[in-house]
Amino acid sequence: MLPRILRTSVAAARRLSTRTAVVASPAQDTLSEEGKYAAGNKLSTSGTGGDTLGRRLFALVYKKRSAVVAVRKWKEEGHVVRKYELNRIVRELRKLKRYKHALEICEWMMTQEDMKLVSGDYAVHLDLIAKIRGLDSAEKFFLDLPEKTRDSATCSALLHTYVRHNESKKAEALMEKMSDCGFLTSPLPYNHMLSIYVSTGQLTKVPEMIKRLKKTTSPDVVTYNLWLSACASQNFVDSAEKVFLELTKAKIEPDWVTYSTLTSMYIKNSFKEKAESSLKEMEKRVSKKVRVAYSSLLSLHTAMENKNEIRRIWKKMKSTYRKMSDAEYTCMISCLLKLKEVEEAEKLYNEWESISPTKDTRVPNLLLSSYISNNGMDKAEAFYNRMVENDLVPGYTTWELLTWGYLKQRDLDRVLDCFKKAISSVRKWDPDEKLVHEVFTLVEELGNVEVAEELVVILRGVGYVNTETYKYLIRTYAKAGKMPLIVEERMKKDNVAMDEEIKKLVLQTSKMCIGEIPSGI
């Protein structure tokens with residue numbers, strides 16, 4: 001529970017760097033919170049009829065299409081392209097996570113002599129470079145900026161980038177430079193540092209950063225939310241309550257994140273009455289504009305086992321929004337499964353399946369996991385077949401879940417098949433040591449040398465052959481009463497060191513009957 005709340009608080013702080021860049025640029029007008037089509041309708045009204053530059057740019061759904069070509073064509077047709085219009089379009093594209101097209105517009109603006117860019121524009125540009133091209137490119141862009149534009153806005157944008165990449169040392173060094181230049185006049189940079197300390201577990205640094213903040217400026221609600229998260233993650237209930245009291249004395253209005261963090265902490269520490277009270281306060285602060293808060297409400301009510309409340313919240317969500325997202329279906333189905341309401345979860349999945357065009361396997365994986373966890377492998381297999389029939393392409397998690405399911409049944413052939421498909425379904429496999437251990441343990445118990453050798457080949461293909469791998473292999477040979485051949489040569493070829501345990505295993509198996517030389521050696 002806590003990690004989700006912590007991520008919410010940290011994300012709230014990180015999103016503010018963009019707002020600072022916007023405020024720093026006087027030409028960057030604000031725009032009301034409107035949807036994709038509304039934005040396209042209102043922007044660039046200098047066009048005739050319904051044709052606007054905004055509409056043309058929002059129509060570029062595919063990344064391969066160029067925003068620059070659309071802007072140039074608009075200009076060639078005799079229309080005036082104004083900086084404030086492009087700024088507002090960039091703002092909306094970022095909301096829609098259309099970062100590539102937003103970056104193309106920023107780059108085009110830099111080539112226009114008649115457009116006077118300010119530090120806020122460069123801050124937005126830097127943030128987009130970081131998202132599209134990475135940290136190194138963002139740093140180079142910052143260093144190449146004119147000296148006068150390396151001010152609080154662009155420094156904050158770079159700091160935000162360091163925080164997103166968990167570069168604590170670089171962030172701390174930049175903070176010192178910003179302090180020397182007198183740029184630490186708002187709580188935003190401090191909030192960035194608090195967020196990285198909370199997200200990376202450097203909680204002992206939080207109090208000192210709070211002290212530094214108070215010497216130069218005043219905390220805002222995000223500061224207090226991050227501070228609360230730090231207290232909550234350490235189960236410092238008294239400290240958290242003191243932080244909340246300080247917030248109220250400062251006459252700062254708590255938001256839904258504040259009460260969400262408190263509720264989560266109270267639940268974890270079994271303060272039921274306090275949790276119920278803070279949860280009610282949280283809901284008072286949830287509105288249509290903060291959609292993500294509803295999922296937090298669902299999760300918190302689930303933790304308190306309030307079945308009727310999660311149904312009420314879900315009903316309210318469906319009446320508030322035209323369509324539920326995959327993430328919201330995922331949250332609700334997960335909540336129902338945690339409360340053992342399997343049939344209700346299945347009905348909700350049927351609803352999702354009938355209306356969602358995404359075919360996102362993360363949703364059905366919830367039910368698949370539930371069936372496997374409750375020893376319903378027959379039901380899991382039938383559900384998997386249903387997924388395939390409905391053109392849902394199984395991903396790594398699907399195959400991993402099935403591997404665990406067949407491990408429970410000790411069905412070695414299917415374990416190996418699903419394990420191979422799991423690894424081949426991703427470009428780069430992030431080794432799951434527990435899964436590898438369980439698969440090899442079954443192979444070892446069954447003494448299946450052929451499968452053990454095949455596993456080594458599979459793991460070698462993804463660069464995951466180590467000392468433990470060879471221990472599993474040789475123990476399997478020992479179980480089968482066979483002697484593995486050319487072990488030392490194979491280990492040398494795989495650049496794996498031979499430790500004392502392997503030497504003993506080799507000695508133990510050397511007196512057994514000779515096994516076959518495995519293929520692929």
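Here are some questions and answers on how the terms used for this predicted model follow from its values.

Q: What makes up the secondary structure of the protein, and how much of the protein counts as buried?
A: The secondary structure comes to 29 helices and 2 strands. Of the 521 residues, 49% count as buried, a label that calls for a relative accessible area under 20%.

Q: What share of the contacts with a separation of 6 or more joins residues 24 or more positions apart?
A: That share is 65%. A contact here needs heavy atoms within 4.5 Å.

Q: Why is serine 168 called buried?
A: Serine 168 has a relative accessible area of 13%, and buried means under 20%, so serine 168 is buried. Its place is in helix α10.

Q: How do you know that serine 168 and glutamine 202 are joined by a polar contact?
A: Their side chains are joined at 2.8 Å, and the cut-off for a pair of N or O atoms is within 3.5 Å. Leaving aside neighbours within four places in sequence, serine 168 is in contact with Ile196, Thr200 and Gln202.

Q: What makes α11 a mostly covered helix?
A: In α11, 12 of the 13 residues are buried. Among them are Pro187, Tyr190, His192, Ile196 and Val198.

Q: What makes the phi of lysine 97 worth a remark?
A: Phi of lysine 97 is near 60°, a positive value in a residue other than glycine. Most residues other than glycine have a negative phi.

Q: Why is lysine 97 called exposed?
A: The relative accessible area of lysine 97 is 63%, and exposed means over 50%, so the label applies to lysine 97.

Q: Where is asparagine 375 found, and what is its phi?
A: Asparagine 375 is found in the loop between α21 (362–373) and α22 (377–389). Its phi is near 60°, a positive value in a residue other than glycine.

Q: Why is arginine 72 called partly exposed?
A: Arginine 72 has 48% relative accessibility. Buried means under 20% and exposed over 50%, with partly exposed in between, so arginine 72 counts as partly exposed. Arginine 72 is found in helix α4 (residues 67–76). Arginine 72 and tryptophan 108 are 36 residues apart in sequence and 9.4 Å apart in space, C-alpha to C-alpha.

Q: Why does valine 257 count as buried?
A: Valine 257 is at 5% relative accessibility; since buried means under 20%, valine 257 counts as buried. Valine 257 lies in helix α15 (residues 256–268). From valine 257 to serine 296, the separation is 39 residues in sequence and 9.1 Å in space, C-alpha to C-alpha.

Q: How do you know that glutamate 346 and lysine 379 form a polar contact?
A: The contact joining their side chains is 3.2 Å, and the cut-off is within 3.5 Å. Glutamate 346 lies in helix α20 (residues 342–355). Not counting residues up to four places away in sequence, glutamate 346 touches Leu367, Tyr371 and Lys379.

Q: What makes up the lining of the second largest pocket, by class?
A: The lining has 10 nonpolar, no polar and 5 charged residues. Of the 15 lining residues, Phe142, Arg150, Cys155, Leu174 and Lys177 lie nearest the centre of the pocket. The elements giving two or more residues to this lining are α8 (135–144), α9 (152–164) and α10 (168–180). The largest share, 5 residues, comes from α10. The volume of the second largest pocket is about 310 Å³.

Technical notes: Residues numbered from 1 in each chain as written. Predicted model: local features only at pLDDT ≥ 70, side-chain atom pairs only at ≥ 80, totals over all residues. Heavy atoms only, no water. 1 Å grid on protein atoms, 1.4 Å probe; cavity = no way out; pocket = protein on both sides within 12 Å on 5 of 7 lines; lining within 4 Å. Points joined across faces, edges and corners; volume = space filled by probe spheres on them. Helix = DSSP H or I, 4+ residues; strand = E, 2+ residues; numbered from the N terminus. Nonpolar A, V, L, I, M, F, W, Y, C, P; charged D, E, K, R; others polar. Buried < 20%, exposed > 50% of the residue type's maximum accessible area, 1.4 Å probe, protein only. Polar contact = N/O pair within 3.5 Å; in protein donor to acceptor, adjacent residues only side chain to side chain.
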